Amino acid sequence: VFAGDDGSWCAVRMRPDEVTPPEGREDWGVDGILCFSKICTHVGCPISLWEQQTRNVLCPCHQSTFDLTDGGKVTFGPAHRPLPQLQLGVDDEGYLIAMGDFQDQVGPSFPELG
């Protein structure tokens, strides 16, 4: 697991056959490398606990758990939205790059936002 210097994202590498991307996000990773927001969608705590065996990340504040093999889907806890995922690609020189910004809201959910 790698984290961005600003603490807003994390990248993980898994075996490609372990990843079941959501429909429309089949090409968002590169050779099993995926990138997600590191800000919990519950109240915005920084997610910091990686469970290598389950491929889940956990929020230490309220124990929301997110399955990174399944698009950051919530598997436990009070969060209602998956972690936003950042689409990755490879540039002409072979470097891993972000293909844009997060398309989903980063950070906590509020009732008025759904």
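Which residue stands opposite Asn-56 in β6? The legends below take up that pairing and then move on to other parts of this predicted model.

**View 1. Strands β4, β5, β6 and β7 make an open sheet.**
Four strands line up here in the order β4-β5-β6-β7, and their pairing is antiparallel. At the edges you will find β4 (49-51) and β7 (73-76), each of which pairs on one side only. Going from one strand to the next, the twist averages 30°. As a reminder for this view, strands of a sheet pair through backbone hydrogen bonds, either parallel or antiparallel.

**View 2. Strand β5 meets strand β6.**
Here is the reply to the opening question: Asp-67 is the β6 residue that stands opposite Asn-56. The two strands, β5 (residues 56-58) and β6 (residues 65-67), run antiparallel and are joined by 3 bridges.

**View 3. Strand β6 pairs with β7 in a hairpin.**
This pairing is antiparallel and spans 3 bridges. Look for Phe-66, which has Val-74 of β7 opposite. Between the strands of the hairpin lie 5 residues, and Gly-71 takes a positive phi near 70°.

**View 4. Val-57 and Phe-66 belong to the largest nonpolar core.**
This core has 14 residues, and those with the most contacts inside it are Met-14, Leu-34, Ile-47, Val-57, Phe-66, Leu-68 and Leu-83. Take Val-57 as a guide: setting aside neighbours within four places in sequence, Val-57 is in contact with Ile-47, Leu-49, Trp-50, Ser-64, Thr-65, Phe-66, Leu-68 and Leu-83. In soluble globular proteins, nonpolar side chains tend to be buried together.

**View 5. Ile-33 is part of a second, separate core.**
This core has 6 residues, including Val-30, Ile-33, Cys-35 and Phe-102. Ile-33 lies in strand β3 (residues 33-37). Not counting residues up to four places away in sequence, Ile-33 touches Val-12, Arg-13, Leu-88 and Leu-96.

**View 6. Arg-25 lies over the face of Trp-28.**
How far is Arg-25 from the ring centre of Trp-28? The distance is 4.5 Å. As for rings paired with rings, the count of aromatic pairs comes to 0 when centres must lie within 6.5 Å.

Terms used:
Residues are numbered from 1 along each chain as its sequence is written. This is a predicted model: local features need pLDDT of at least 70, side-chain atom pairs count only at pLDDT 80 or more; totals for chains, interfaces and linings use all residues. Side-chain values use heavy atoms; hydrogens and water are left out. Two strands pair if DSSP finds at least two bridges between them. Axes are lines fitted to C-alpha atoms, for helices over the stretch in contact, and angles run from 0 to 180 degrees between N-to-C directions. Rings of Phe, Tyr and Trp (its six-membered ring) pair if their centres lie within 6.5 Å; planes under 30 degrees apart count as stacked, over 60 as edge-to-face and the rest as tilted. A charge sits over a ring if NZ of Lys or CZ of Arg is within 6 Å of the ring centre and within 35 degrees of the ring normal. Contact means heavy atoms within 4.5 Å. A nonpolar core is a set of buried Ala, Val, Leu, Ile, Met, Phe, Trp, Tyr and Cys residues joined through side-chain atoms within 4.5 Å. Buried means under 20% relative accessible area, exposed over 50%, partly exposed in between (1.4 Å probe, protein chains only).
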